[in-house]
Amino acid sequence: MPQGKPGGTGRGEWDDKTRALVLEMREKRVSGRDIEVKLGVPKRTQYNMLKRGLIKRKRTGRPPKPDCDLKYKRRRKSDLRWGEPQKPVKPMNQRRYKTITKAVKDSRARMEQLNNTFYAPKVPSRHFHSYASLDIFHELCSQTTSPETYPLSDTITSNIPIYDAQALYSANNRIISLMQDEWHHTLLDGPGIFVVRGLYRTAILDTTNTVLDSIIHAERSTDSQKGDHFSANNANHRVWNSFGKHGSSNPQSFLDYYSNQILAMVCEAWLGPGYRINAQVNIINPGGAPEVCHRDYHLGFQNAEACERFPAQTQMASQFLTLQGAVAHTDMPIESGPTRFLPFSQQFAQGYMAYRRSEFQDYFDRNFVAIPLEKGDAIFFNPALFHAAGEDTLQGFERKANLLQVSSAFGKPMEAVDSLGLIVGCWPFLYNKYEKEGRSKEVEAFVRAVAEGYPFPTNLDRRPPGPERPAPESEQELVFKALKNQWSREMAESALLRMRQESSA
């Protein structure tokens with residue numbers, strides 16, 4: 001029997017009460033949690049028995065209690081049992097433990113209260129509510145376009161301003177800047193759409209159509225299914241990435257088409273410099289059903305569940321990352337089903353959530369407008385504008401358009417474009433054009449359409465910024481430098497390839 005005096009009168013002695021208590025504990029094998037309840041052992045006696053090795057603490061893994069002996073690991077006082085003693089350990093900071101424990105308990109209690117009771121938020125939701133008001137939508141779409149707001153336009157038809165491209169070729173920089181202001185206002189705060197008559201000459205389109213027809217014939221011969229976003233397969237024919245395929249098939253025709261300076265003015269009016277162009281040829285077959293109304297890339301190509309997860313300000317910001325356009329490669333009378341539009345619908349903030357709903361689609365079908373286009377005309381619109389391709393009811397007539405999707409330098413284009421291959425393939429023709437015209441507006445328009453104008457993302461270890469040049473050189477700047485210094489195609493290709501390698505991670 002261990003020596004000691006938990007309740008005795010002298011050192012090394014045991015009184016009868018303690019001896020009987022220990023024997024009863026061993027006989028009945030009473031656990032530590034029942035000592036005080038069943039045997040009436042006071043806390044002080046438990047403490048002495050612990051020091052003398054008559055009982056020890058259980059390793060239960062439960063959180064420590066601050067009222068236990070600080071010389072030992074803190075366990076619940078109800079977990080004591082008789083047995084072998086434990087070694088002393090470093091004591092805890094009792095005040096810090098109490099603070100942490102109280103904070104955890106308060107936090108859990110608060111979250112449980114919020115989960116089980118109604119909570120009135122103090123800040124607005126970051127998401128749009130599922131409900132979108134058709135009355136507000138109708139009020140926005142009932143606006144009219146005033147000729148006084150757009151004095152540089154030739155006319156206004158069905159609330160759509162129409163501009164003459166030929167007048168722009170002789171305009172000075174001040175008039176061009178004022179024109180770009182009108183275009184920007186039209187897309188943002190106006191009807192969201194405008195037309196440029198005669199953007200392309202017939203001769204350029206004839207050559208381009210020949211190139212595109214050969215691409216279409218080659219793709220049709222493979223019997224590959226070309227899916228579309230908003231119409232069934234075989235209702236029309238879509239040539240994806242006609243931008244890259246055009247440049248690879250006929251570099252001279254590609255250069256003539258995308259060196260259009262008015263196209264560059266329109267793109268920069270909405271997106272600023274550094275934009276990137278994607279293009280897809282769309283051919284509507286006779287008798288094809290019209291598309292359902294929709295909004296375009298980015299969020300227009302997401303389903304409702306994915307779109308709903310984006311915060312409200314992100315949905316509204318999507319329209320500022322893209323410019324939509326369509327160039328008529330054939331005449332488009334009303335019977336051929338030119339694209340239908342709902343002016344001012346881009347101003348509806350909840351439009352990306354609403355356009356899929358039946359009541360908004362019915363409203364579009366009752367109130368859309370469409371205007372005929374001639375070969376070479378182009379139409380540009382905000383991607384948030386409600387629109388849909390119409391039905392071609394002319395027998396034996398295929399409506400053909402080159403759909404332009406221009407992305408901001410800060411956004412991601414829908415299609416990948418091999419700008420290096422296009423620049424190298426078109427270099428002899430671009431170089432000859434530069435030799436004749438210098439850095440003309442057409443040369444600048446082509447380089448901006450093909451080469452990357454935004455130098456990021458890049459590797460700043462290999463291409464570090466400096467005080468005189470806070471951003472590295474872009475592809476566009478390198479192309480202009482190569483033209484100015486009369487580099488050969490091999491030298492230009494080597495420099496562009498080296499830039500890509502240095503920009504990689």
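How many cavities of 30 Å³ or more does the count come to? The count comes to four. This is a predicted model, in which local features need pLDDT of at least 70, side-chain atom pairs count only at pLDDT 80 or more, and totals for chains, interfaces and linings use all residues. Residues are numbered from 1 along each chain as its sequence is written, and side-chain values use heavy atoms, without hydrogens and water.

**Largest cavity**
- The largest cavity holds about 480 Å³ of space. A cavity is a set of points on a 1 Å grid, over the protein atoms alone, where a 1.4 Å probe fits but cannot get out. Volume is the space filled by probe spheres set on the points, which are joined across faces, edges and corners.
- Its lining has 34 residues. Lining residues have an atom within 4 Å of a point. Nearest the centre of the largest cavity are Asn282, Thr339, Phe381, His387 and Leu403.
- β12 (399-407) gives the most to this lining, with six residues. Strands are DSSP runs of E, at least two residues; helices are runs of H or I, at least four; both are numbered from the N terminus.
- β7, β8 (322-328), β10 (378-381) and β11 (387-388) are among the strands that each supply at least two lining residues.
- By class, the lining of the largest cavity has 19 nonpolar, nine polar and six charged residues. Nonpolar covers Ala, Val, Leu, Ile, Met, Phe, Trp, Tyr, Cys and Pro; charged covers Asp, Glu, Lys and Arg; the others, Gly among them, are polar.

**Largest pocket**
- The largest pocket has a volume of about 440 Å³. A pocket is an open set with protein on both sides within 12 Å along at least five of seven lines.
- Of its 19 lining residues, Glu452, Tyr454, Phe456, Pro457 and Glu475 are the closest to the centre.
- Helix α19 (residues 489-503) supplies the largest share of the lining, three residues.

**Helices α16 and α17**
- α16 (residues 419-437) and α17 (residues 441-450) pack at about 175°, with axes 11 Å apart. Axes are lines fitted to C-alpha atoms over the stretch in contact, and angles run from 0 to 180 degrees between N-to-C directions.
- The two helices are therefore roughly antiparallel, a term for angles over 145 degrees.
- Contact means heavy atoms within 4.5 Å. The contact residues include Leu422, Ile423 and Tyr434 of α16 and Phe446 and Val450 of α17.
- Seven of the ten residues of α17 are buried, meaning under 20% relative accessible area (1.4 Å probe, protein chains only). Val443, Phe446 and Val447 are among them.
- The cover over the buried residues of α17 includes β7 (276-284), α16 and α18 (475-484).

Methods: Parallel < 35°, antiparallel > 145°, perpendicular 65-115°, else oblique. Buried < 20%, exposed > 50% of the residue type's maximum accessible area, 1.4 Å probe, protein only.
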